[in-house]
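This report looks at a few local features of one protein chain. Please load the sequence and the structure first.

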Amino acid sequence: MDTSLLPVSLSGARIQSVQSVLEKTANPDITAVRLARVFGHEELQNWIDTVLFEGEDPTPLFESLALTLSQSEFLTSILEREPGLLVSFESDRDFSFSSSASIFQNQLHRHLQDLKPSEPFKIALTRFKLHEVFRIAVRDITNRAPIEVLCRELSDLADLVLQAAYEKVYADTLMTHGTPRHPDGSFVEMAILSLGKHGSHELNFSSDLDLILITPGEGKTDLENRLEACETWRETHPYARYSTNHEPTARMRSVNFETFFTELGTRLIDLVSDPGHMGLLYRIDMRLRPEGVTGPLVRTFESALQYYQNWGQRWERQALIRARPSAGCLELGAALLKELEGFIYRKYVDPLEVDETLREMRDLRFRSILMAGNDPKARRRNVKNGPGGIRDVEFLVQAVQNLYGAQFPELRQGTLFEVLRRIHQSGLMGEQEYTLLLKGYAFLRRLEHRVQMDDMQKYHLPPPGPNLEILARGMGYPDAADLESHYTQTTEAVHNIFRIVFRTEENEESVSKLLEQTELTPSWREILAGYGFREPEILFKSLFKLAEDKEAPHLNSKLRRLLKGILPRLLAGMREAPSPDAAWKTFERLSLATPARSTLFSLCEENPQFIRAITTIGSASPSMADQLVINLHRVEEILEQATFEPSLPGTNLEQYFQEQYSQEKSGTEVLAKLRNFQTRCELHTAGRFIMGLADVTRSVHDLSLLANFCLEKCIMNTGFGSAPEMVLLALGKFGGMELGFGSDLDLLILYDDRQQADSEAAQKTASELVVEMSRSTADGKLFEIDMRLRPHGKSSPLVPTIEGALDYYHREGQTWEKLAMTRMRPVWGDPALVQRFKSGLEEWIFDDEQIEGILREIREMRARIEKEKAEQTLKCGPGGLIDIEFLAQAAQIVWGKKNPDIRSQGTSDCLGRLQAHGILDACEFDTLCQSHAFLREIENRLSLLIRSAAKAIPKDPILLEHLTRCMNTARTQASHHTAPLFSPESLVRKEEETRSLVREIFESVFVRKFEKKN
């Protein structure tokens, strides 16, 4: 290991013994860096010398801390921010025992007493929570306790945090709104019910707290003697003593209990979940309360009881199985749950009730599996929601509790571990299944903890690589392969039990029965919604349209049989698509457009890859869906290419074209074939990009090669090809071989007036080419042409002369045109003419006498674009694509005269050349290249999705979700998949972070490199 990474406090005579400890960790260098980040704080030096070392030898406490930090970036960041949390640990024995309620309470009082006068109450709560989370995490990583015990400790910790926060905000609310009292003068209190993992004492390191807030009844507060009432409250509620609000707030009237407790609940949630500068304590989720987000924040006892008894749904019965009073008035919470036992647990269970319960819980479980990602491979790596994951075991146990809790009261309460044991003891589960589920659940929960210790919002097993190796070794496996093998065996075994209990095979087969229904019932609507369809009614109506052919009614029975047979596989394919509704629409269009619909259904039955191709592409791009329909007369060929392997032979498209179409004598016929060829090739290129078989860099390059070929082919088959005086040059993204989907071709056409004095003839020749390239026919269209970048723009003749263009640039050329012309690439023309123009152009572009003024203009231009096109954030916003492109183009203007080899039309290629010359450092180069690819991927996926130029990440939540699933589909279906999957929120965050980094480099490089040079 590299001992230079260690902090000073661990160096010198201690190095050898410290090194021997670190060599036992999964990655000694990472451990050394993390120790340096924590132990570099001066306030820890005396503690390190007296507690972590005996002379020069590390104590067991040091070994435990080193092992812990080696496994957790999250814990390292906690201690880096709050190193003082460590000094209370005096021995490795501090991690050997479970914390009782009294120990937690003593620690909390210590942190509260240590508060400085200016520090708020929450600071102490946060330090206390972080201190105890760290202690529990060390116990986990060093295997001091079973996972069941650790989860209970985390739950007890949350209980105390809630209670302390409750006591504090109750005192504050009392001082502002008066005192809620019972008729006997005692305080009216609120019950806090916890559900989910917290409710069952199984909290993990990153769980939300699912709460329901209950009050006993109605009334009005007493405004008199608030100060005395608050003192009485503080005497009996120790954590309220630390409240800073000691003076009553003036009020004219008392408030009803609903207002008081709503304010109390709001303050409680704010205190616990507000991030603050030290982070939030817990995320609070109130969506499981009666009526969800639309219901009142706090319910009275009678109101809650009435709601559940009259309107409570089956999923709410399932949720309440794990409910318990965790803070506030525990007696009130327990009384409500006692009254609700008849709602939660059915006294009589018949076969119909069993079927209904299993079906609803199966559907809920299915939706949670969808949350694990679009791709089956990615889902299987989701420890929580994936098939065979934690949720499978939870749903199994809750199903038994729900169905048999009335008959077996001992199943109603306890952790999942405890309930699982009681299920086995009661004879409801065999020995083999019990052992497998118990061991499997313990393994998955511990794995979940370890994954979250590195990233608190993560549930996926890391992809193959260093992080997985560190995780595996930290859990005691020889290597990542052993961990993956155990994980796969466990999840498959768990999911097999789940499938048997919940009859998932029957559910898949029953989908085909949809064609037997006369109407879409609520249960069928829910099943289709489980497949991801937002509009099940449209699908239902469409099914019957596809099952009948009015022109060939004698085939209807065959159509119906074939459609019924492929429906389960078809819907499963739709479920994996970026948009199931769009995927179904594409399938419907294909089916209705196919002359022999039964042939299409048979192909789907025989070739699952065909379903994957049409559903994925059809839902990711409406324009590509159109092309699928247009090319249906070649359905067999599409089927052969359904996997879209390999990519098109970009370097020899002529040979490929000749293989696909016989040589035609007529130029018009060749262009018709070329249009059809372009359509099919673009579909192929887009398909590879959509399905993750090619990244954005390869895709835009392939698209540019196709455009180049089509342009040259069109030139040869129009009058342009026989005009030696004509020169054609590519600009913009086409010039840089970075053409996007849906992009125009920016062209500059010139002619040599020494050979052709007739300007009108040159204009006519160029116009013919532009028309043929842009013409839409039944066979397709080549590419739209944009000629606005020519001298004097669209107000000038279409084709200037070579000398006229050079004279314009040298006399009138503007800075933006210099930037644009760095991407000029010759496509067609006499090499001598091309070189004549290129030489004259480069004399103007790389004239370094005006660099200072040019750089100032570029900065001003960039600021103006950013202001005028503020809504176009992907390209024009701060840190957008223009920042990267301007930086590459400006660098060529600044350095291109002395270093001609840095000149390049392609952005990424230019950045690589700038790094090679030391103009960009390695970090800047990597960041800019990755950012350019990421932003261009979003830009191109959006262009395919919305059929227009992409301007910004969508604000519409449905479109944002659709884009996110397009991004994830490509990642998960790629064979080289290692990239993390996005949520809509993380995609937005990633885009913002990317642009922030790009803008920082843009500003830095302009000042540090370009402007300093002058």
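## Valine 51

Valine 51 is buried, with a relative accessible area of 17%; the cut-off for buried is under 20%. The model is a predicted one. Valine 51 sits in helix α3, which spans residues 45-52.

Which residues does valine 51 contact, leaving aside neighbours within four places in sequence? They are Thr59, Leu61, Phe89 and Glu90. Isoleucine 123 lies 72 residues from valine 51 along the chain, and their C-alpha atoms are separated by 26 Å.

## Helix α5

Helix α5 covers residues 73-81, and its buried residues are Leu75, Thr76, Ile78 and Leu79. Down the axis of α5 these fall within an arc of 160 degrees, so they line one face of the helix. An α-helix has 3.6 residues a turn, so residues three or four places apart point the same way.

At the start of α5, a side-chain oxygen of serine 72 comes to within 3.4 Å of the backbone nitrogen of phenylalanine 74.

## The four-stranded sheet

An open sheet of 4 strands runs in the order β10-β9-β8-β11, with mixed pairing. Its edge strands, β10 (785-786) and β11 (825-828), each pair on one side only. Strand β9 (residues 745-751) pairs with β10 in the parallel sense over 2 bridges. Aspartate 746 stands opposite aspartate 786 in β10.

Helix α36 (residues 759-774) packs on the sheet and touches β8 (726-730), β9 and β10. The direction of α36 makes about 160 degrees with that of β9. Helix α39 (residues 831-845) also packs on the sheet, touching β8, β9 and β11. The direction of α39 makes about 55 degrees with that of β8.

Terms used
Residues numbered from 1 in each chain as written. Predicted model: local features only at pLDDT ≥ 70, side-chain atom pairs only at ≥ 80, totals over all residues. Heavy atoms only, no water. Buried < 20%, exposed > 50% of the residue type's maximum accessible area, 1.4 Å probe, protein only. Arc of directions from axis to C-beta. Polar contact = N/O pair within 3.5 Å; in protein donor to acceptor, adjacent residues only side chain to side chain. Contact = heavy atoms within 4.5 Å. Pairing = 2+ DSSP bridges. Axes fitted to C-alpha atoms, helices over the stretch in contact; angles between N-to-C directions.
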